[in-house]
Number of protein chains: 2
Amino acid sequence: MLHKNRLFTPGPTPLLPAAQTAMASFTAHHRTADFKALFQRVLADMKEFIGTKNDVLVLACSGTGVMEASVSNLTSPGDKVLVLTAGKFGERWTGLAKAFGCNVDVLSVPYGETFLLENIRARVTPDVRAVFVQATESSTGARHDVQGIAKIVRTQGNDTLLVVDAITGLGTTHLDVDGWGVDVIIGGSQKALMMPPGLAYCAVSERAWKRMDATTSPRFYFDLRKERKSAAKGETAYTPATSLFAALGAALEFVRGMGKGDLAKGREELVNNAELCAEMTRAGAKALGLKLYSSAPAAALTAISAPDGVDSGKIVKEFRESFDAVVANGQGEMKGKLFRIAHIGYYDYLDTIGILGALEHVLARVTDRSVEYGASVRAAQQVYARSHDVALAAR
Amino acid sequence: MLHKNRLFTPGPTPLLPAAQTAMASFTAHHRTADFKALFQRVLADMKEFIGTKNDVLVLACSGTGVMEASVSNLTSPGDKVLVLTAGKFGERWTGLAKAFGCNVDVLSVPYGETFLLENIRARVTPDVRAVFVQATESSTGARHDVQGIAKIVRTQGNDTLLVVDAITGLGTTHLDVDGWGVDVIIGGSQKALMMPPGLAYCAVSERAWKRMDATTSPRFYFDLRKERKSAAKGETAYTPATSLFAALGAALEFVRGMGKGDLAKGREELVNNAELCAEMTRAGAKALGLKLYSSAPAAALTAISAPDGVDSGKIVKEFRESFDAVVANGQGEMKGKLFRIAHIGYYDYLDTIGILGALEHVLARVTDRSVEYGASVRAAQQVYARSHDVALAAR
């Protein structure tokens, strides 16, 4: 059978066609009025997409680059920081903070779980200079309570900064960045904005900008104050990834279209879409007797535990070989134990129903259990129908 | 919810990404060695795609242009021709033959049906100069027995030419053009070759080339002998649609890849894919209590009768509004009575399962019957699973 190659991975995600054509056709030099206009429009739109009045910077790097920037710009060697970790991306915070000589307090919960707020409350003391966390932990499919965490940091901290890796969280999670007092929020292009990897971005609070005047960790390419100064003049400090800016401009227009001209509303629509795809997928997985890996599942992706005695690598391989559908295996110690189906960005009803249909064949092949064809699809359809009726009633 | 715009229409069909990028990036002038090389490679590959040793021509027009060419090049005013018609495209043959002054004998069957060979046998007399028919009648979803018809023409005719509109048939139907003795077979770019409209092609037998020496109908742009002479020199008579040639080259490479390097085998794979998508769709429709419009359903598309008392336009509209999925209404008198879901070219398992899932919601919305969610999907999955097991056993 013919197979279209489709990504169901939590990044890179399926590309928006309008972003592809914008990227392919863009040729302007970066020190021109044309690029400057695009750059300024994108930065302004990114504020609306993120939902903040804080300055937004867009850098040529992957998400980890801006994670590093938030460590190197906001801390000095020896600073006490708190890392909240529940998976491979939480562990990346620990690695980064240690690399820059921070005194790292690590609060970790087992893979698949999220934090109890009371445990965080016990660790946020006034001497903690920054708290690092994920909005959604892409390695386990868990969702963290950013609002709850922010409240603790703002209440118990003393000028303590809250840095949130929302690389898979932006566009899949309702976040009130300014209202909750998130100091740095981080995103990446190959996620809900439906573009290839290559750009990462952050919104930075005034409190965080002020911190940078005193911090001493070494940084150069990722010097956010330098980027901020350049951005005020309508340019970047170093050569920007111009074609990806063009794609980002197109992606933001698409999101604005989803909100019928209102970008903030479009972002909420995008989040609702991920929530619905995720709810359909969870219902579908459960209908097949599968267990979710996370006790607090995110809308960005659904991590599903492999059935007992089955290596999830076999499931991933079967999806690829029989359908050319790329789903993600577990990472690190989770490899073989779970597989991950993403809902970040450019997914719709047909994608969701299609991958669940395929999952039924995959399960029938890699396990000896009998699979009732249509069972997961039906469960997902029931979720969709309930949501659709609500949407219709609201028309 | 986010909706991807998807075509399930029997042309235009979903575009192959590699064809899109080839088309977008092609800039060569048409009177250059670069274009000549592309042109000659495409014409050679087209023979393999069509499955013929006859000369193939590719013209800048839609399929109707080459239908006209086959009338204007192969007949003279007053010639007796037989048109076999079972729908809107059969009727187009009648219109064309009359426009060029032929003495047209029309053998028609009701919409949705195909011909009894004995009725054709009674009409093919030695004085019939040409027989015009469709391989698949896209307006009704019917498949005609080209092999059986060819046998009659070759046996009972006297130098009678058989002209087959295989615009939706090529790449969806197993055809032995040379073995059966089809004189002219016609295709179009926006069908199984997964490209936009703008090119149409035909393969022409020696018998047909010989006929052109004597025919007197007026033609200029569509003069096939002039195109043949130009093609022998590696060029077209008039300006070719260069970017579409680039797309066609990429599409043919894709089909070759489906055959693991063998283009003819790839074409058979493409046909098998359409056959399987169609069988899944027919099973899905029946599982919902729907009736197929045609008694002889083609693999190119499935025409489904609207349930009693429901205008199929409502179904088409609901597919579009709720899922941004474009399915075709009936044409002419069939408008309102049926809707058509295509399987031509670039479709796969996920598309097929997705559109059937959507169909269940659409039916629930436009009828007052209760729909069992997952029922049509399950029926399609059972068809897929049976076919897949056969494929696996053959691995």
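**Chatting through a two-chain model**

Student: Which residues of α10(A) meet which ones in α11(A)?
Tutor: On the α10(A) side they are A:Leu252, A:Val255, A:Arg256, A:Gly257 and A:Met258, and they meet A:Leu263, A:Gly266, A:Arg267, A:Glu269 and A:Leu270 in α11(A). Being in contact requires C-beta atoms, placed from the backbone, within 7 Å. Helices (H or I, at least four residues) and strands (E, at least two) are DSSP runs numbered from the N terminus.

Student: And how should I read those labels?
Tutor: Chains are lettered from A and ligands numbered from 1 in the order in which they are written, while residues are numbered from 1 along each chain as its sequence is written. This is a predicted model, where local features need pLDDT of at least 70 and side-chain atom pairs count only at pLDDT 80 or more, but totals for chains, interfaces and linings use all residues.

Student: Back to the helices: at what angle do α10(A) and α11(A) cross?
Tutor: Roughly 85°, with their axes coming within 6 Å. Axes are lines fitted to C-alpha atoms, for helices over the stretch in contact, and angles run from 0 to 180 degrees between N-to-C directions. The two helices are therefore roughly perpendicular, a term for angles of 65 to 115 degrees.

Student: What kinds of residues make up that contact?
Tutor: Five are nonpolar, two polar and three charged. Ala, Val, Leu, Ile, Met, Phe, Trp, Tyr, Cys and Pro count as nonpolar, Asp, Glu, Lys and Arg as charged, and the others, Gly among them, as polar.

Student: New topic! How many residues does each chain bring to the contact between A and B?
Tutor: Chain A has 32 residues in contact with 33 of chain B. On the chain A side, α11 (263–287), α13 (349–366) and α14 (375–394) each supply at least two residues. The largest share, nine residues, comes from α13(A). By class, that side has 18 nonpolar, nine polar and five charged residues.

Student: What about sheets? What's the strand order in chain B's seven-stranded one?
Tutor: The open sheet runs β2-β10-β9-β8-β5-β3-β4, with mixed pairing. Strands pair if DSSP finds at least two bridges between them. At the edges, β2 (55–60) and β4 (103–108) of chain B each pair on one side only.

Student: How many bridges join β3 to β4 there?
Tutor: Six, and β3 (residues 80–85) runs parallel to β4 in chain B. For instance, B:Lys80 has B:Asn103 in β4(B) as its bridge partner.

Student: Which strands does helix α4 of chain B lie across?
Tutor: Helix α4 (residues 88–99) lies across β3, β4, β5 (130–134) and β8 (161–165) of chain B, at about 160° to β3(B).

Technical notes
Contact = placed C-beta atoms within 7 Å. Parallel < 35°, antiparallel > 145°, perpendicular 65-115°, else oblique.
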